[in-house]
Amino acid sequence: MSSPVNGPTTPRREPAPGAGGPVANDPSTEQQGTPRHATPQYAAPGDSAPHYATSHRAPGSAPQHAAPHATAQHAPRDAAQHSGTGTTALAVRDLTKFYGQSGRPAADHVNLTVPRGSFYGLVGRNGAGKTTTLSMATGLLRPSAGSVLVGGGSRDELLDVWRDPVTAKRRMGVLPDGAHLFDRLTGRQLVTYSGLLRGMDRDLVAQRTEDLIVAMDLQDAAGRQVQDYSAGMTKKIALAAAMIHAPSLLVLDEPFESVDPVSAANIRSLLHQYTNSGGTVVVSSHVMDLVQRMCDHVAVMDQGRVLAQGTMDEVCAGMSLEDRFVSFVGGRTEAGEGLQWLRPE
Amino acid sequence: MAASRVNDPHESPASRHLDTAPGDVPGQDVAPDAAVPASVRPSHGSGEPVTRNIGPFEEARRLAGLKWRILINTLTRSTWILVGTILGGLYALFIVGMALTALFALGSEALETVIIASVLVGSLLLMGWWLVPLVSSKADSTLDPSRLALFPLSTTGLVAGQVVGAVIGIPGVLTVIALLGWLFSWRGSTTALVAAIPCAIIGALLAFVGSRCVTALGANFAKGRRTNEIISMVVLVLVVLLGPLISLFATGLGQVWQMLPTWAGVLAWTPLGAIWAVPGDVASGHWLAALARIAISLVTLVVLVVATRAGLRRALGDAAGGAARATSRAQEGVGLFDRFPANQWGAVAARCLTYWRKDPRYSASLLMIPAIGAAFWFIAGDSGFSLWALPLFVSLLMAYAISADVSYDNTAFSLHVLAPVSGRADRLGRVVAMLIVAVPLVLLSIVLWLVGVQRWDALPAMVGVCAGILLGGAGVVSVVSARYTYPTPPPGASPMKTPQGFTILNLVVQFVIMGLMALLALPAGILLIVYLVTGAALWGWLALVVGIVEGLVLLWIGVRMGGKWLDARGPELLQEVAAYR
């Protein structure tokens with residue numbers, strides 16, 4: 001995948017003119033104590049430019065590629081992609097998971113590079129390893145092998161989720177698929193709980209909770225117990241709980257399942273605003289149309305492996321994502337062939 | 001090719017499969033897109049219906065087969081579950097072996113003795129089958145009607161399937177064995193032996209149908225918001241009934257022995273005992289009594305079947321009821337979250353305390369406390385010995401209660417892993433919430449003890465021992481539950497539901513943990529005993545200090561150690577509890 005500088009779907013990640021490539025967030029060179037911006041770092045499109053201007057670090061002190069952990073043999077595309085696109089929000093390296101002693105791994109040397117500010121779709125069939133990969137990437141499932149690196153603000157170094165979980169997890173907001181919620185709490189209590197667990201100030205939590213409840217259109221339900229919510233409302237309140245600490249990376253596993261179209265549109269625009277201001281969203285889905293409309297980057301997984309990744313245009317290569325996906329994954333012609341008997345009597 | 005298949009719906013399925021041999025790509029001419037196979041396009045031909053009513057007997061057979069399949073799959077899922085089940089089975093087999101020996105020996109006794117023993121033991125058996133699903137929350141959920149609601153099953157078939165299914169499993173098999181042994185206790189009279197055979201069958205039916213009836217009715221209750229109150233009422237009534245019984249035992253075994261014939265005489269005319277007395281009536285020629293008792297049993301059986309059917313029908317019609325209901329009242333603000341410190345452990349404590357109030361799985365464990373209090377009060381008698389144990393026991397149970405916390409959270413625990421909550425804050429928050437609930441209860445039990453034994457002088461020592469057990473026990477559980485979890489009903493499920501994979505092995509571990517908790521409170525306990533023996537006030541006050549200090553130290557160590565373990569193994573713990581359904 002070459003650098004997608006002028007791709008129509010990714011206007012916001014064009015590097016600032018004259019930047020000459022981003023500065024790496026190389027853990028080996030960046031100082032821990034570097035002062036951080038008090039102002040929102042993501043405010044401007046092309047976020048890297050203002051950052052360079054105030055950097056306390058000598059611009060030339062870092063290597064000119066962003067992902068120091070990218071190994072060429074496993075992710076040959078990474079280096080090229082990085083040279084054109086700002087820093088990395090999430091880097092998954094050789095992530096592998098064996099369940100028990102069974103032969104085939106649920107995730108097999110998965111390599112993903114999610115650029116900062118991107119809206120990243122992870123597509124695959126049922127059982128392709130999407131949820132396993134995302135669980136490992138978010139610290140919920142210990143990988144058999146491999147590493148996960150999470151970036152933070154534009155000047156934070158990449159952190160290994162499994163080596164420094166406390167700091168790394170603070171940068172992430174996660175919506176796990178199919179997880180129970182603390183559903184004896186009211187919606188408002190659940191979101192508040194999620195904020196307080198992250199050590200946020202009580203007033204800030206209260207204010208953001210109300211904002212999120214309005215954004216999710218749950219004003220009427222906020223005082224009721226989550227166990228009485230419909231499936232879509234539950235997804236929305238879980239999403240709110242995942243966003244309250246304003247993470248720099250949102251990992252959403254099947255976020256739109258059973259969410260009604262209006263709410264889905266609202267959430268989509270909310271997520272787009274979030275990426276426009278520099279946040280990164282990773283969604284998994286098997287709804288191709290949705291991913292194609294929503295995301296600017298995409299990775300295709302099947303049988304625990306990543307078959308393709310990059311910008312939407314690169315992966316689709318002029319086809320629709322659905323057709324492209326089928327051409328990657330195959331197996332379409334057998335569909336329904338064994339079901340000759342399936343018709344109303 | 002595809003078109004010909006569509007036009008020939010009477011073709012057998014086998015030949016259709018042959019048609020779709022490899023290489024034969026159907027639909028090339030008719031349907032360019034293979035994702036829309038010819039068969040699912042609207043066809044107005046009328047084929048033979050492939051579904052048909054299979055009749056209640058076949059339904060029952062298949063349901064029982066399902067139960068068998070599930071049993072086997074549960075057992076083979078994990079070695080430990082298998083081992084635990086085998087151990088539990090061996091233990092039960094041992095007991096049944098003893099019972100069989102006793103029943104066989106009974107055969108050579110006088111007819112009167114056989115009748116009395118048969119009625120008493122039989123009533124106990126039925127009582128066990130009827131009450132165990134209700135009280136010990138060990139209801140069998142494998143053939144849960146709400147899971148079968150989508151299948152076109154007749155209620156009769158469902159009831160029959162559940163009854164046959166009840167035989168499959170350790171309790172059912174053991175009951176059948178025990179009933180076979182019961183037959184031999186009538187070997188003194190051939191007519192009685194012959195009469196015992198149908199009686200055994202009716203007795204078994206009473207046991208199995210009654211058990212299913214209680215479960216079906218219980219499932220309906222469990223869905224209601226007032227479940228807790230109802231269960232608590234039942235438990236309390238039982239305990240109150242049990243109290244006089246136990247105090248009778250306390251007054252002397254000899255007197256109880258004298259009472260047994262009277263009890264048997266009464267029980268033999270109730271649904272519980274009637275059927276077990278019939279062979280004796282037959283042997284002694286009391287045909288009218290035998291007929292009356294059979295009538296009592298049969299009427300009971302019919303009532304149970306009708307009640308089970310009604311319960312099942314309601315459960316089937318209400319299978320999705322839980323999901324669609326929105327009955328909780330809206331609550332302003334964030335409740336307890338405003339009353340705790342705005343940090344991790346404060347949030348965890350507020351959340352846990354909310355759960356203690358709102359989650360029936362927690363409140364169900366709280367219900368045991370008044371029941372135990374009532375039981376100990378009744379047992380106490382004149383010496384009041386059991387009252388001494390009451391506060392200690394309440395402390396132990398309350399401290400142990402948080403061992404199920406993470407299992408109760410189930411996958412909701414992922415929020416703690418994701419936040420990430422530091423292990424120490426997680427442990428501390430749960431302990432604080434438990435203490436807020438437990439301290440008033442322990443104090444109440446101490447008041448009960450004071451009222452009962454009137455020993456104001458021993459108060460400091462007693463408080464010390466209770467503090468030692470409660471605080472130290474909370475420390476122990478904080479460590480252990482970070483490492484070891486056991487299956488519990490998942491969130492939203494009825495507290496009466498038996499989680500899959502809970503075996504006697506889990507029970508043994510629970511007892512070991514409780515034993516450890518009691519052992520660690522020994523220093524204060526010994527001081528209490530020393531005080532009671534010597535009567536020197538110094539020992540009492542020493543027990544108070546030792547109990548509180550040791551408890552606090554253990555709690556501190558427990559929260560730290562448990563927190564460290566939790567930090568290291570959070571994801572593994574999450575995967576473990578996520579498997580509990």
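**A covered strand in chain A**

Analyst: Strand E7 of chain A, residues 249-253, is mostly covered, with five of its five residues buried. The model is a predicted one, and the values below are computed from it.

Begin with the two sides of the strand. In a regular strand the side chains alternate between the two faces of the sheet. In E7(A), A:Leu249, A:Val251 and A:Asp253 point to one side, while A:Leu250 and A:Leu252 point to the other. Both faces are covered, and these residues are all buried.

Next come the neighbouring strands. Strands of a sheet pair through backbone hydrogen bonds, either parallel or antiparallel. E7(A) pairs with strand E6 of chain A, residues 172-175, in the parallel sense over four bridges. One position to look for is A:Val251, the bridge partner of A:Val174. E7(A) also pairs with strand E8 of chain A, residues 280-285; this pairing is parallel too and has five bridges. Here A:Leu249 stands opposite A:Thr280 of E8(A). A:Leu249 and A:Val251, named in these two pairings, belong to one side of the strand.

Together with helix H8 of chain A, residues 261-276, the two strands make a right-handed β-α-β unit.

A:Ile237 is part of helix H7 of chain A, residues 231-243. A:Ile237 counts as buried because it has 27 C-beta neighbours inside 10 Å, where the cut-off is 20 or more. Leaving out residues up to four places away in sequence, A:Ile237 touches A:Gly187, A:Leu190, A:Val191, A:Met216, A:Leu218, A:Val226 and A:Tyr229. By comparison, A:Ala308 is 71 residues from A:Ile237 in sequence and 32 Å away in space, C-alpha to C-alpha.

For chain A overall, there are 11 helices and 10 strands. Of its 345 residues, 52% count as buried. Among contacts between residues at least 6 apart in sequence, 71% join residues at least 24 apart.

Last, some notes on confidence. The predictor gives the complex an ipTM of 0.74 and a pTM of 0.70. Chain B averages a pLDDT of 79, and 78% of the residues score at least 70. Over residues 1-32 of chain B the pLDDT is below 50, and that stretch has 33 contacts in the model beyond near neighbours in sequence. The pLDDT also stays under 50 over residues 322-326 of chain B, with four contacts beyond four places in sequence. Where pLDDT is low, the predicted coordinates should not be read in detail.

How values were computed:
Residues numbered from 1 in each chain as written. Chains lettered and ligands numbered in written order. Predicted model: local features only at pLDDT ≥ 70, side-chain atom pairs only at ≥ 80, totals over all residues. Buried ≥ 20, exposed ≤ 12 C-beta atoms within 10 Å, placed from the backbone. Pairing = 2+ DSSP bridges. Right-handed = clockwise from strand over helix to strand, strands pointing away. Contact = placed C-beta atoms within 7 Å. pLDDT = per-residue confidence, 0-100.
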